[in-house]
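This report describes the fold of one protein chain and the packing of two of its elements. The sequence and the structure are shown first.

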Amino acid sequence: MFRRIRPRGGIGGRITPDGVNRAIKAALARYYVSTGVDAEKTRRLAAQYSGHSGRVGFVVSAKEAGAADTDIAATTRHRSLAMIKRYGEAAEQRRRAPHRLPGVGL
């Protein structure tokens, strides 16, 4: 998914895991700045995310949509279903949240 783009053009090999983290933080920082967030708060907000955030978010979204653990693991290349199940707990908590029950809320 992530490939190195050379400054003078052309696409290189795989980007390093640290490069992915820096790219994600830089993209978030640009977004926050574009919405008027001050520089210090931008740094704090961007620091909350990493390359792994997307992987976890995908698992949680897939679980919420009802995807099978084995299908999710095949996509994310997890070798064990233990992490899929662990991440899926967050999806299950959201699914059971009281505000989602019929008749609850405004």
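## Overall architecture

In what order do the elements of the chain run from the N terminus on? The model, which is predicted, has the order β-β-α-α-α-α-α.

The chain is more spread out than a compact globule, because its radius of gyration is 18 Å, well over the 13 Å that the globule rule gives for 106 residues. Along the principal axes, the C-alpha trace spans about 55 × 40 × 20 Å. Buried residues make up 19% of the 106 residues. Of the contacts with a separation of 6 or more, 30% are accounted for by residues 24 or more positions apart.

## Geometry of the helix 1 and helix 2 pair

Two packed helices are described by the angle between their axes and the distance between the axes. Helix 1 comprises residues 17–34 and helix 2 comprises residues 39–47. Their packing angle is about 140 degrees, and their axes are 9 Å apart.

An angle over 145 degrees would count as roughly antiparallel; helix 1 and helix 2 are therefore oblique to each other. The crossing in which helix 1 passes helix 2 is right-handed.

## Composition of the contact

Which residues of helix 1 meet helix 2? On the side of helix 1 they are K25, L28, A29, Y32 and V33, and their partners in helix 2 are T42, L45, A46 and A47. By class, the residues of this contact divide into seven nonpolar, one polar and one charged.

Leaving aside residues up to four places away in sequence, T42 touches A29, Y32, V33 and V37. Among these, A29, Y32 and V33 belong to the helix 1 side of the contact.

L45 also has its place in helix 2. With residues up to four places away in sequence again not counted, L45 touches Y32 and V37. Both Y32 and V37 are also touched by T42. The C-alpha atoms of L45 and A29 are separated by 7.9 Å, while the two residues are 16 residues apart along the chain.

How values were computed:
Residues are numbered from 1 along each chain as its sequence is written. This is a predicted model: local features need pLDDT of at least 70, side-chain atom pairs count only at pLDDT 80 or more; totals for chains, interfaces and linings use all residues. Side-chain values use heavy atoms; hydrogens and water are left out. Axes are lines fitted to C-alpha atoms, for helices over the stretch in contact, and angles run from 0 to 180 degrees between N-to-C directions. Helices (H or I, at least four residues) and strands (E, at least two) are DSSP runs, numbered from the N terminus. Angles under 35 degrees count as roughly parallel, over 145 as roughly antiparallel, 65 to 115 as roughly perpendicular and the rest as oblique. A crossing is left-handed if the near helix is turned anticlockwise from the far one by less than a right angle, and right-handed if clockwise. Contact means heavy atoms within 4.5 Å. Ala, Val, Leu, Ile, Met, Phe, Trp, Tyr, Cys and Pro count as nonpolar, Asp, Glu, Lys and Arg as charged, and the others, Gly among them, as polar. The radius of gyration is taken over C-alpha atoms; the globule rule is 2.2 Å times the number of residues to the power 0.38. Buried means under 20% relative accessible area, exposed over 50%, partly exposed in between (1.4 Å probe, protein chains only).
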